[in-house]
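Here is a model to look through together. How does one get from coordinates to words such as sheet and pocket?

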Amino acid sequence: MNNYLLFEIGVEEMPARFVGNTLFQLKSNLSKLFNENRIAFEDIKAYGTPRRLTLIVNGIVEKQSDLEEEVKGPAKKIAMDADNNFTKPALGFMKSKGLNPEDIYFKEVGKDEYMFATIRQKGESSEEIIKEILPQTIKSVVFPKSMRWGGKNLRFVRPIRWLVTLLNDKVVEFDLEGIVSSNKTKGHRFLGQSEIIVTSLEDYLNKLEENYVILDQDKRKEIIKEQCIKVADSLNGTVELDEELLEEVTHLVEYPTAFYGEFDKNYTKLPKEVVITPMKQHQRYFPVTKDGKLLPNFIAVRNGNDFRIDNVKEGNEKVLEARLADALFFYNEDIKHSLDVYIEKLKDVVFQAQLGSIYEKTLRMDKLSLDILDILNIPEEKIHASRAAKLSKADLVTGMVGEFDELQGFMGKEYAKVSGEDDAVCEAIFEHYLPRFSGDILPQTNSGVAVSIADKLDSIAGFFAIGIQPTGSQDPYALRRQALGVLSILMDKKIDADLKTLIECALDNYSEIEFDKKAVCASIMNFFNERVRILFKDMGIRYDVVDAVISSDVNDIYDMYCRALALNSWLDRDELVEMLTAFNRVSTLAQKAAENDKVEESLFKEEAEKKLYSEFKNVKTKVEEFISDKKYDEALETFASLRPAVDSMFDSVMVMDNDEALKNNRLGLLKQIYDTMLKICDLSKIVYK
């Protein structure tokens, strides 16, 4: 028999953004509590709608597994007095474990004897344990914002109105601060019954569907997609199914019905994003396009059936009309002036109290973007980058962005076009905000790259200079995101640039602020190194590989990325352990070498050291050539070819010879090998298993 548990938490309508994470926490919490209480099960499925969170546990055993656990107490010399009576520490240990004196025995651990006892406990019925752990499952969920209600101490994202708990068709009754579990659920708020008695899991699922509740969120999502596509087909268009919006709409409804609405086609003359933004961000509508052009239609999803759908359609059209009318008004007012007019207004907008206004930030961005183009050796883009930097924040004080802040950057681009700016300038204004979030598109034009990096580095440099850095989960100025943006751009565009130099240029623009430039630069580099570790880890690169390439004193992020990829793929080789062992010995002894690692070939006495030096000279030349071409696979392969000669020298030559000249000469050779290795990576950081 498949023993199951049905657990439903009925709530007031939850915000859609909380549903997915709450289900994840409930499932994780219950799984953990089952395991801690020795109740075996097959799997847990989690389903959610705005009004209910449901867990279905399959394959539950009928009782806990028996417990047999050996516990260790204090040492015998502490547990027994001179008369062989139990001391207070021993008695305290026995009391805490529910033990009697006859349960105690002593065993040697190391040099001392310790108290031990074996605790044996018969497993209780699963039903009794489940009564205890279900309330804990609910109480252990954490929300960014939660609430209390009805004088209860319980906190949850929304008031809990009912609980359903069935274990093999039997109600498992427990009381959660006055909310008593039962077999009574509710249907759709408007279309279903207000009270439904369920007798089994199958009965529960069937009756929910009969009462207009599609419990499975994945099923609801597919229904919404199919309905939206069908509606768009009827309009001879294509629906833009943004995945994030689709997920949100899925968690807004229990019984979806998609329908289309219309708006004045004159609004389609506005920039596409101006129309789509209020649709998606404010109304949760899906836009409809044809051949890439916006149609005067939208698709919305109702939480219910198609009863009086025309009235619903009309209401949604009126709401969107008001939004679009606002957008049209702001657009027409904004384009009455060129972007240059808005630049002056930026002087009154504070970027940060100690760092000045947004206007001052654009001046720093202008200078830094030109420095970046010099470093990248792309001087021909300076005119476009400089103009884009000056105009980059102008749209922040326009009416459109004031109403729809999601359009910052995009409206700057559109208004720049209207003002007659060069296309490269328009594109760079939009691109300087990229990437806006994880997985977002990256700037593609050289001007956009320069201004984007300048914007982000200016913020990071400024905040670090005045002592504001991210701590723990606190990052109010999104400096981590901006750092990851810089790294992503450098890698995507394969930019060979010294990050430390870029940071120093950014810090130079804050000459009016007193700070220790060297210390702040070091802090920022450490900050970026941590971001590199996170970014590379997300790419599947091993942590020790990241340590190895960061330790090689390389500040070129793209170059570091190439090294990491090469080394990460190189770790599967069979000879890895032998190679690392050999070069770790080189690393250890190289630390003992004098700063002057000069090698006199005439001082080599043994054949093995002569051979190693001869091979090393050839290898070094090849490695340096491969490094200059970023052929790190070949560089590693060539450097690894030294291993037999290194092993031979260690087997037959006493490096730490009594003769100082011989010793220093041999250490100098190892130092040169070690320094050549560091040009690729620090192999001593690699952990072999």
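Q: Before we start, how do you know which parts of the model count?
A: This is a predicted model, where local features need pLDDT of at least 70 and side-chain atom pairs count only at pLDDT 80 or more, while totals for chains, interfaces and linings use all residues. Residues are numbered from 1 along each chain as its sequence is written, and side-chain values use heavy atoms, with hydrogens and water left out.

Q: What makes β1 and β7 a pair?
A: Two strands pair if DSSP finds at least two bridges between them; strands are DSSP runs of E with at least two residues, and helices are runs of H or I with at least four, both numbered from the N terminus. Seven bridges join β1 (residues 4-11) to β7 (residues 160-167), so the two meet the definition, and they run antiparallel. Within this pairing, Phe 7 has Thr 165 of β7 as its bridge partner.

Q: Why is the sheet with the order β2-β3-β1-β7-β8 called open?
A: This five-stranded sheet is antiparallel in its pairing. Its edges are β2 (43-48) and β8 (170-171); each has a single partner strand, so one side of each lacks a neighbour in the sheet.

Q: Which helices lie across β1 and β3?
A: Helix α1 (residues 16-36) lies across β1, β2 and β3 (52-58), at about 35 degrees to β3. Helix α5 (residues 201-210) lies across β1 and β3, at about 35 degrees to β1. Contact here means heavy atoms within 4.5 Å; axes are lines fitted to C-alpha atoms, for helices over the stretch in contact, with angles from 0 to 180 degrees between N-to-C directions.

Q: What makes a space a pocket, and which residues lie nearest the centre of the largest pocket?
A: On a 1 Å grid over the protein atoms alone, a pocket is an open set of points with protein on both sides within 12 Å along at least five of seven lines, and lining residues have an atom within 4 Å of a point. The largest pocket holds about 1,300 Å³, the volume being the space filled by probe spheres (1.4 Å probe) set on the points. Of its 37 lining residues, Asp 405, Glu 406, Gln 408, Arg 436 and Phe 437 lie nearest the centre. Helix α8 gives the most, five residues.

Q: How much space lies in the second largest pocket?
A: About 320 Å³. Among its 16 lining residues, Ser 438, Gly 439, Leu 484, Ser 488 and Leu 535 are closest to the centre. The largest share, six residues, comes from α17.
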